[in-house]
Structure formats: C-alpha cells, structure tokens
Amino acid sequence: MKATEENTYYIAEISSDVAKEGMVREFKPEEVKDLLSNEKYYILVGKLGEEVAGYVLSTYSWAKIHILDMAVKKSKRRRGIGKMLVKHVISHATEKGLSEVYCEVKARNIPALNLFTSSGFRSRLFSTLVNEGFYVFP
Ligand SMILES: CC(C)(COP(=O)(O)OP(=O)(O)OC[C@H]1O[C@@H](n2cnc3c(N)ncnc32)[C@H](O)[C@@H]1OP(=O)(O)O)[C@@H](O)C(=O)NCCC(=O)NCCS
C-alpha cells in the first residue's frame, strides 16, 4: 500500500537496520517525511498484519520509474513481501502509461537479483566503473 506519514518512523527504522547489511542507505525520519510529501517519489510499504515489514522507494524519471531502494526486515523475509512490492510498482507504472521500471542492483546482491529476475526483469551488466553496477529492466 502507498506509504503515509504514519509509516515514517517504521520506514526509517527498517532502513537503519537493513543499511547495516550494506545494500541500502539509511533514511532519517525527517528525510522520509520529506520524500513522502514530494510528488516525485512513489513509496510503498508492505505489511504483515498491521506491522510494516518493508518498503520500496522509487522515483519518476522521464517516462520510467526508477526503484531507488527496497528493504524488508530481516525477520520477515522470504514471505513474498519484496516480490509484492515490486509487483505493485510495475502495476503503478502500467497504470501511469510509463514504459519501464528499472533498478540498479549490485552484482553480488543475489537475493535482490533473484527477486527482480523472477519478477520479469531483464539484466544489463555494467562495469565496475559504475560501482559494481548491475541494472535490471523489466
Ligand atoms: C532483497 C529483499 C528486499 C527481498 O525481500 P523478500 O521479502 O525476502 O523477498 P521475497 O520473499 O518476495 O522473495 C522473492 C524471491 O526473491 C528471491 N530471494 C529472496 N531472498 C533470497 C535469498 N536470500 N537468496 C536467494 N534468493 C532470494 C527468491 O527467488 C524469492 O522467491 P522464493 O522465496 O519463492 O524462492 C530483502 O532480501 C532485503 O531487504 N535485502 C536487503 C536490502 C536489499 O538488498 N535491497 C535491494 C536493493 S535495491
């Protein structure tokens, strides 16, 4: 579901925990609040019951949606939350008539690569000149 201001602290908390794994950045609550009120960003949360278990942060970029960050709490992984979040971003792009959803994933991030590949994304390899960049496109 679309993130609201009441999700601010949960998103910041998850980002802070997951950032320690080195794949996403940490967002302070004030930053999350700013992003939520900025219409250039599209942020979803994935819930298990009433609990926020993960989020995806994306931005509109030309006729595309760029997934900037996505994280699921370590204790709530492998339950389909990540896949559901990606599916919703793709649906949103389709509804808006946008041509592409893309995400830069580090080549060593096997969970994320598997997730995007199994969600229908195609991969394009980039050299280490762009920091181990690995772009995936649907
Ligand atoms: C990547 C991440 C968001 C996946 O979230 P998740 O909710 O666990 O993902 P799902 O349960 O929807 O998994 C979907 C598929 O992704 C793949 N996958 C997920 N975790 C995996 C793992 N640890 N190892 C291998 N494949 C994995 C599997 O193909 C999985 O399908 P399956 O469970 O039917 O085998 C989560 O691992 C995470 O927060 N990682 C740290 C942050 C990060 O790397 N973010 C992405 C950078 S943009």
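**Reading the ligand shell, the core and the fold**

Author: In this predicted model, the shell around the ligand is made up, by class, of 13 nonpolar, five polar and six charged residues.

Reader: Which residues around the ligand come nearest?

Author: Of the 24 residues around the ligand, those that come nearest are Met23, Arg77, Gly82, Lys83 and Pro111. The elements β3, α3 and α4 each give two or more residues to this shell, and α4 gives the most, with six residues.

Reader: Why is the protein chain called as compact as a globular protein of its length?

Author: The elements of the chain run α-α-β-β-β-α-β-α-β-β from the N terminus on, and its radius of gyration is 14 Å, close to the 14 Å that the globule rule gives for 138 residues, so the chain is as compact as a globular protein of that length.

Reader: Which members of the largest nonpolar core touch the most other members?

Author: Among the 34 residues of that core, Ile11, Leu44, Tyr55, Val56 and Val89 touch the most other members. At least two core residues come from each of α1, β1, β2, β3, α3, β4 and α4.

Reader: What does Tyr55 touch, leaving aside residues up to four places away in sequence?

Author: Tyr55 touches Ala3, Ile11, Ile14, Ile43, Leu44, Val45 and Ala71, and a contact here requires C-beta atoms within 7 Å.

How values were computed. Residues numbered from 1 in each chain as written. Predicted model: local features only at pLDDT ≥ 70, side-chain atom pairs only at ≥ 80, totals over all residues. Core = buried A, V, L, I, M, F, W, Y, C linked by C-beta atoms within 7 Å. Buried ≥ 20, exposed ≤ 12 C-beta atoms within 10 Å, placed from the backbone. Helix = DSSP H or I, 4+ residues; strand = E, 2+ residues; numbered from the N terminus. Contact = placed C-beta atoms within 7 Å. Near = placed C-beta within 6 Å. Nonpolar A, V, L, I, M, F, W, Y, C, P; charged D, E, K, R; others polar. Rg over C-alpha atoms; globule rule 2.2 N^0.38 Å.
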